[in-house]
Amino acid sequence: MTLESILASALQNTLKSLYQINIDADPKLIQPTRKEFSGDRTIVVFPYVKLARKAPDMVANEIGSQLQQTLDIISAFNVVKGYLNISIKESFWTQYLSQHFNEEHYGLVPLRDEAPVLIEYSSPNTNKPLHLGHVRNNLLGHSVSKITMACGHPVVQVNLVNDRGIHICKSMVAWLRYGNGETPESSGLKGDHLVGNYYVAFDKHYKEEQQQLIAQGLTPEDAEQQASIMLEAREMLRQWEAGNPTVRALWQQMNSWVYNGFDQTYDRLGIHFDKVYHESETYLLGKALVEEGLAKGVFYKHEDGSVRVNLEADGLDEKVLLRKDGTSVYITQDIGTAQLRYEEFHPQKMIYVVGNEQNYHFDVLKLILGKKLERPFGDTILHLSYGMVELPNGKMKSREGTVVDADDLMDAMYDEAKASTEALGKFQFTPEEADKLYEMVGLGALKYFILKVDPTKNMLFNPEESIDFNGNTAPFIQYTHARICSLLRKADDQQLPWRKDLPTDTAMNENERELVKALYQYPDTVLAAGDNYSPALIANYIYDLSKQFNRFYQETPIMKETDESKRLLRLQIARLTAITIHNGMDLLGIEVPERM
RNA sequence: GGUCUUGUAGUUCAAUGGAUAGAACAAAGGUUUCCUAAACCUUAGAUCUGGGUUCGAUUCCCAGCGAGACUACCA
């Protein structure tokens with residue numbers, strides 16, 4: 001029973017007995033009291049005023065005194081302009097603290113035995129390395145998975161790798177033409193970077209050839225179509241689809257280089273998948289469902305031979321589902337893949353973490369599956385849409401060379417963490433410990449910088465600000481955690497017996513009480529983050545908590561506190577804060593050090 | 001053109017329809033006999049415009065202006 005639910009049900013009874021009003025008390029109208037007023041929870045009584053036919057102040061006072069009579073956790077109340085501020089007894093907070101101060105899994109709901117939530121994210125192409133946009137995707141997907149699990153729901157994390165198509169063939173053609181047999185081993189390059197280089201090389205030579213053809217008198221359109229390097233890539237795609245063993249072997253070779261590279265990047269980001277799908281294995285799926293739709297009459301055959309669906313009644317357009325040559329398109333395979341996954345996992349929900357440029361695609365997908373094909377899982381599909389990552393000088397465009405490479409970025413963050421730490425002159429680490437710390441701090445800063453922003457919004461990635469370690473950043477939070485750990489180590493060194501129940505009469509000052517109240521909110525924050533798929537909620541909560549702790553920490557040196565129960569109280573608050581920071585940051589996929 | 005998203009201090013981000021819109025960075029100043037100064041404290045600074053719904057609107061609705069995405073027989 002949370003404080004809010006206790007108050008809500010008492011309020012409901014009170015309204016009934018005082019005014020014969022029979023409504024569910026809205027828990028949203030019971031909220032934390034603002035700092036400038038005295039009290040712990042505030043009930044907004046305006047909505048009941050009209051029904052009670054009395055002045056707001058009077059209603060608030062009547063409800064307040066009635067609540068105080070019925071609930072023994074209420075110590076006092078006051079009324080300001082129709083806001084009923086309720087003070088909760090000190091013992092409520094101290095009991096709560098002694099109950100939880102050493103609870104390692106504080107805020108985690110045990111996993112329930114229920115259908116899993118399936119979360120797809122990352123979904124890279126195998127023709128180039130991961131960049132900053134993918135990083136946002138990966139971090140969001142991973143964090144949402146963790147948050148969903150923390151709310152008690154089993155999760156299946158899946159990745160759908162786009163490992164086939166013309167873009168892969170471009171890298172292959174360029175490698176054959178210009179590669180001289182270069183391999184990751186021979187070049188010392190990470191496999192995905194190596195393959196990415198040839199993708200870039202393809203584009204460069206393709207453009208050059210177009211220029212030549214235009215100089216020979218071709219139109220730009222014809223030059224685009226007739227460039228030999230492009231014809232070669234198209235032919236290779238045909239050969240791939242025909243199963244040509246040489247092409248397939250090369251394809252497998254180059255893809256395996258890329259997978260090796262991706263695995264390193266994923267490892268470093270701390271993410272993993274329960275299942276990886278490859279489009280080469282799924283791209284033919286969905287045709288049977290198109291047939292089913294045709295038979296049902298919800299799709300139709302266009303006069304040019306293609307199969308289409310008309311979604312104009314739902315505010316969308318006409319959409320092709322099978323080309324006139326009978327081959328499938330992107331949406332076809334997504335329809336098939338969704339069906340496949342449904343049969344495989346029977347998920348209660350399918351979440352796709354995909355950029356907002358595909359909003360339209362997912363509107364179509366949901367309509368087709370739910371409304372047209374009447375699949376029960378159609379309505380369980382959620383497109384977790386996130387905004388683009390922009391750079392101070394505009395957008396990331398791979399062709400203009402303004403992409404921020406994921407591996408380079410992580411290296412830069414590591415270097416910055418190293419430089420900052422060394423500048424502070426903290427040299428009590430072994431080289432191994434230092435390396436681990438720099439990685440933790442550098443990557444933490446990157447992850448936090450991205451996750452603290454509301455996913456739906458476009459965000460600006462400013463390299464200089466992202467490596468600033470002050471303010472609303474992971475290093476600030478990590479530092480706070482490290483200092484708490486240091487404090488607790490010291491307490492243990494001095495063999496202070498602080499892992500025991502607080503005396504019932506322990507009083508708290510304002511900072512202490514505020515912090516306990518903030519800690520009390522953590523489990524609710526996790527649930528709210530789960531409902532909203534919002535790591536940002538957690539991130540901002542943890543930052544506020546850290547800041548509040550710093551204020552509290554500054555107040556009186558804890559180890560010099562002479563009043564024993566007071567010291568006990570402060571140590572226990574510190575302990576629960578450390579646990580909460582640790583668990584909260586874990587939901588963001590960020591590690592926190594015990595010393596730094 | 002149509003559809004969707006978005007507009008908050010100089011900048012980057014907050015704020016389930018609730019009280020005086022919070023932080024951080026940048027700027028100016030201050031704090032260290034003290035559990036880690038990657039800290040703490042001061043000061044200054046914002047809801048794009050116009051309507052509407054409401055006891056109450058940054059939040060919901062409508063219109064306008066600005067920004068972005070989508071509007072492929074690419075994925």
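Let's start with alanine 445 and its contacts: leaving aside neighbours within four places in sequence, alanine 445 touches Met413, Ser466, Ile467, Phe469, Thr473, Ala474 and Pro475. Please keep in mind that this is a predicted model. Alanine 445 sits in helix H17, which covers residues 431-451. Is this residue buried or exposed? Alanine 445 has 25 other C-beta atoms within 10 Å, and the cut-off for buried is 20 or more, so alanine 445 counts as buried. For a sense of distance, take phenylalanine 46: it lies 399 residues from alanine 445 in sequence, and their C-alpha atoms are 44 Å apart in space.

Now the nonpolar core. The largest one has 152 residues, and the members that touch the most others are Ile351, Ile538 and Ile542. Let me pick out isoleucine 538. Residues up to four places away in sequence aside, isoleucine 538 is in contact with Ile147, Thr525, Val526, Ala529, Gly584, Leu587 and Leu588.

Let's step back to the domains. Chain A is divided into domain 1, residues 3-88, domain 2, residues 117-390, and domain 3, residues 406-587. Between the centres of domain 2 and domain 3, taken over C-alpha atoms, there are 39 Å. Their contact draws 26 residues from domain 2 and 23 residues from domain 3. On the domain 2 side, at least two residues each come from helix H5 (132-150), helix H11 (245-269), strand E12 (381-386) and strand E13 (389-390). Which of these gives the most? That is H5, with 12 residues. By class, the domain 2 side splits into 14 nonpolar, 7 polar and 5 charged residues.

Next, a sheet you can find in the viewer. It is an open sheet of 3 strands in the order E8-E9-E10, with antiparallel pairing. E8 and E10 are at the edges with a single partner strand each, so one side of each has no neighbour in the sheet. Going through the pairs, E8 is residues 300-301, and E8 pairs with E9 over 2 bridges. In that pair, tyrosine 300 stands opposite arginine 308. E8 and E9 make a hairpin with 5 residues between them, and glycine 305 in the turn has a positive phi of about 100 degrees. On to the other pair: E9 and E10, residues 318-322, are joined by 4 bridges. Here asparagine 310 stands opposite glutamate 318. Strand E9 itself, residues 307-310, has two faces: Val307 and Val309 are on the covered one, while Arg308 and Asn310 are on the uncovered one.

Last stop, the RNA. There are 70 residues around RNA strand B, and those that come nearest are Lys28, Thr42, Arg323, Asp454 and Gly471. Several elements give two or more residues to this surface, among them strand E2 (41-44), helix H2 (46-52), strand E4 (83-88), helix H15 (359-372) and helix H22 (535-555).

Technical notes
Residues are numbered from 1 along each chain as its sequence is written. Chains are lettered from A and ligands numbered from 1 in the order in which they are written. This is a predicted model: local features need pLDDT of at least 70, side-chain atom pairs count only at pLDDT 80 or more; totals for chains, interfaces and linings use all residues. A nonpolar core is a set of buried Ala, Val, Leu, Ile, Met, Phe, Trp, Tyr and Cys residues joined through C-beta atoms within 7 Å. A residue is buried if 20 or more other C-beta atoms lie within 10 Å of its own, exposed if 12 or fewer, and partly exposed in between; C-beta atoms are placed from the backbone. Two residues are in contact if their C-beta atoms, placed from the backbone, lie within 7 Å. Two strands pair if DSSP finds at least two bridges between them. A residue is near a molecule or strand if its C-beta atom, placed from the backbone, lies within 6 Å of it. Domain bounds come from an automatic or database domain assignment. Ala, Val, Leu, Ile, Met, Phe, Trp, Tyr, Cys and Pro count as nonpolar, Asp, Glu, Lys and Arg as charged, and the others, Gly among them, as polar.
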